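Me: Can you walk me through this one? I'd like to start with the aromatic rings and then move on to the DNA.

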2 protein chains.
Amino acid sequence: MPRLSYLDIAAILRDEIERGVYRHGDTLPPEPVLAERFETTRATINNALRVLRGEGCIATHRGRGTTVTALTRRIRRSAMTRYRPEALQTSTGPFDYEVRQLGMSPRSEVTVSRVVPPAEIAEILKLDEGEQAVQRARRMFADDTPVMIASSYIPLSIAADTVLEQEQQGPGGMIRRLAELGHAQVHMDESVTVRPPNDDEADFLRMSSDQRVYVILHIGRTAEGTAVEAAQQIMPTHYWQLDYSWDVEPA
Amino acid sequence: MPRLSYLDIAAILRDEIERGVYRHGDTLPPEPVLAERFETTRATINNALRVLRGEGCIATHRGRGTTVTALTRRIRRSAMTRYRPEALQTSTGPFDYEVRQLGMSPRSEVTVSRVVPPAEIAEILKLDEGEQAVQRARRMFADDTPVMIASSYIPLSIAADTVLEQEQQGPGGMIRRLAELGHAQVHMDESVTVRPPNDDEADFLRMSSDQRVYVILHIGRTAEGTAVEAAQQIMPTHYWQLDYSWDVEPA
DNA sequence: GAGTGGTCTAGACCACAGA
DNA sequence: CTGTGGTCTAGACCACTCG
């Protein structure tokens with residue numbers, strides 16, 4: 001019998017996970033045991049697990065073991081509905097809706113502070129070098145699995161000493177508050193890129209460097225085209241699907 | 001002096017690439033040479049190169065060596081403009097525009113055939129089990145670097161024996177032709193996910209399994225909501241940025 | 001302290017590209 | 001043929017988690 005390659009082993013384990021031999025949340029056998037089962041060494045098993053980790057099937061933790069990832073389906077982030085007035089009416093907000101769609105429980109933690117934003121954000125908000133902005137940082141969970149980091153920045157000239165510097169926003173969230181302050185947003189820009197997580201992101205999102213995050217840069221603009229809010233959202237690619245839909249004029 | 005970890009080595013090499021010690025297109029020293037330089041073994045070098053490969057910095061080819069990736073900036077795919085009538089007026093089409101924006105030369109190859117589409121596509125187009133559709137497969141290049149695989153599917157009931165089964169489409173492309181055939185599209189849906197490339201994709205796009213592709217499912221609908229075109233686009237994440245922009249009603 | 005996965009060493013064989 | 005990167009073996013040390 002020919003030896004199995006790490007890809008073969010990954011395929012076998014993937015199949016067993018899909019067939020339910022290992023359930024979501026289960027712990028896989030330790031690497032030495034798998035090595036024995038497949039008549040190979042730990043290095044090869046480690047390689048196979050890296051493949052599955054990259055796909056988001058499993059998560060490995062030193063000292064704790066290898067567990068099958070909890071999320072069955074991906075959370076669907078519907079860009080066009082999540083910023084619509086109707087979506088904002090609900091006190092819970094679009095993230096809560098998106099997570100509940102999967103039958104999971106949403107939770108989030110907010111931190112508000114004044115910071116000098118990253119250069120990319122400062123440029124969008126047309127801030128001077130070293131100028132501060134209000135940062136609203138949110139860490140979001142689905143059933144206690146961390147699934148998103150979002151940082152919104154609003155120029156101090158708009159947000160200083162307003163409700164935007166308080167943690168609780170009330171129904172309609174930031175968009176509604178900004179509108180009430182005379183900065184109604186009528187246009188959104190988003191760009192999507194993908195990269196490995198940095199150390200902080202990997203730590204909070206419990207990711208390995210074999211996995212990837214979406215980086216979504218979201219910009220809200222007023223009728224004059226001024227950017228009044230710039231937000232960066234970091235999400236593991238294996239947890240999310242991004243949905244967009246729009247109307248076009250017929251050709 | 002402490003030994004360097006593969007992450008340290010990756011960081012050093014990344015820095016050297018960014019500083020221009022190795023230029024885009026250059027070949028890096030072979031792994032045994034790097035192993036000697038960093039006083040370690042090939043396995044550790046291999047590990048370091050895997051990190052850079054995952055970021056899209058380099059590409060490794062057995063027998064040929066390791067080269068620095070050609071693309072400096074990412075191609076920007078602007079979803080909302082690429083399907084607008086104005087964008088379609090130009091005979092060249094949106095992909096050509098997007099690539100030229102980077103100062104590169106676009107090229108694409110089209111293959112038209114009748115196939116039974118993947119289940120996901122068949123469901124969208126409401127095809128019966130085993131029913132065929134017209135597939136227009138495009139492989140796209142920027143300066144001879146393969147950057148995208150796109151497969152559009154149109155139901156046979158619409159496309160059979162029409163200009164849609166010919167390779168050349170003329171100005172306005174498929175959207176215009178569909179409109180002329182009485183299937184004007186007024187609504188677009190797109191979903192974005194990310195995964196490792198499959199073997200075919202990795203082969204054509206010259207990717208390794210450490211890298212990732214966007215999978216964009218694009219659906220064009222008529223005023224009645226009928227899907228008349230479903231397309232799947234596969235693009236290496238390290239080559240592309242996805243842009244979306246839209247208007248919202250004020251809160 | 002025992003068990004986990006992360007990383008490394010030293011060496012080997014292989015598939016593949018190119019002269 | 002030589003040199004490349006891909007993969008594997010056998011063994012080791014380490015950091016981390018948990019009882």
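This is a predicted model: local features need pLDDT of at least 70, side-chain atom pairs count only at pLDDT 80 or more; totals for chains, interfaces and linings use all residues.

Me: What kind of pair do A:Tyr83 and B:Trp246 form?

Reply: A tilted one. The centres are 6.5 Å apart, with 40 degrees between the planes.

Me: Where do A:Tyr83 and B:Trp246 lie?

Reply: A:Tyr83 is in the loop between helix H4 (79-82) and helix H5 (85-89) of chain A. B:Trp246 is in strand E10 (residues 240-247) of chain B, so this pair joins two chains.

Me: Is A:Tyr83 buried or exposed?

Reply: A:Tyr83 is buried, and B:Trp246 is too.

Me: What about A:Tyr244 and B:Tyr244? Why does that pair count as stacked?

Reply: Because the planes are at 0 degrees, with the ring centres 3.6 Å apart. A:Tyr244 sits in strand E10 (residues 240-247) of chain A and B:Tyr244 in strand E10 of chain B, so this pair also joins two chains. Both tyrosines are buried.

Me: Which residues form the aromatic cluster?

Reply: A:Tyr83, A:Tyr244 and A:Trp246, together with B:Tyr83, B:Tyr244 and B:Trp246. They form one cluster.

Me: Switching to charges. Which ring does the charged end of A:Arg107 sit over?

Reply: The ring of A:Phe141, at 4.1 Å from its centre. In chain B, B:Arg107 lies over the face of B:Phe141, at 4.1 Å from the ring centre.

Me: Now the DNA. How many residues surround DNA strand C?

Reply: 24. The closest are A:Pro30, A:Glu31, A:Arg42, B:Ser5 and B:Thr40.

Me: Which elements supply that surface?

Reply: Five elements come up, each with at least two residues. From chain A they are helix H2 (31-37), helix H3 (42-55), strand E1 (58-61) and strand E2 (65-68). From chain B it is helix H3 (42-55).

Me: And what classes of residue are there?

Reply: 5 nonpolar, 11 polar and 8 charged.

Me: What part of the DNA atoms within 4 Å of the protein belongs to sugar or phosphate?

Reply: 65%, and the rest belong to bases.

Me: Which side chains have a polar atom by a phosphate oxygen of DNA strand C?

Reply: Among them, B:Thr40 at 2.4 Å, A:Thr60 at 3.0 Å and A:Asn46 at 3.3 Å.

Technical notes. Residues are numbered from 1 along each chain as its sequence is written. Chains are lettered from A and ligands numbered from 1 in the order in which they are written. Side-chain values use heavy atoms; hydrogens and water are left out. Rings of Phe, Tyr and Trp (its six-membered ring) pair if their centres lie within 6.5 Å; planes under 30 degrees apart count as stacked, over 60 as edge-to-face and the rest as tilted. Helices (H or I, at least four residues) and strands (E, at least two) are DSSP runs, numbered from the N terminus. Buried means under 20% relative accessible area, exposed over 50%, partly exposed in between (1.4 Å probe, protein chains only). A charge sits over a ring if NZ of Lys or CZ of Arg is within 6 Å of the ring centre and within 35 degrees of the ring normal. A residue is near a molecule or strand if one of its heavy atoms lies within 4 Å of it. A polar contact is a pair of N or O atoms within 3.5 Å; within protein, one must be able to donate a hydrogen and the other to accept it, and residues adjacent in sequence count only if both atoms are side-chain atoms. Ala, Val, Leu, Ile, Met, Phe, Trp, Tyr, Cys and Pro count as nonpolar, Asp, Glu, Lys and Arg as charged, and the others, Gly among them, as polar.
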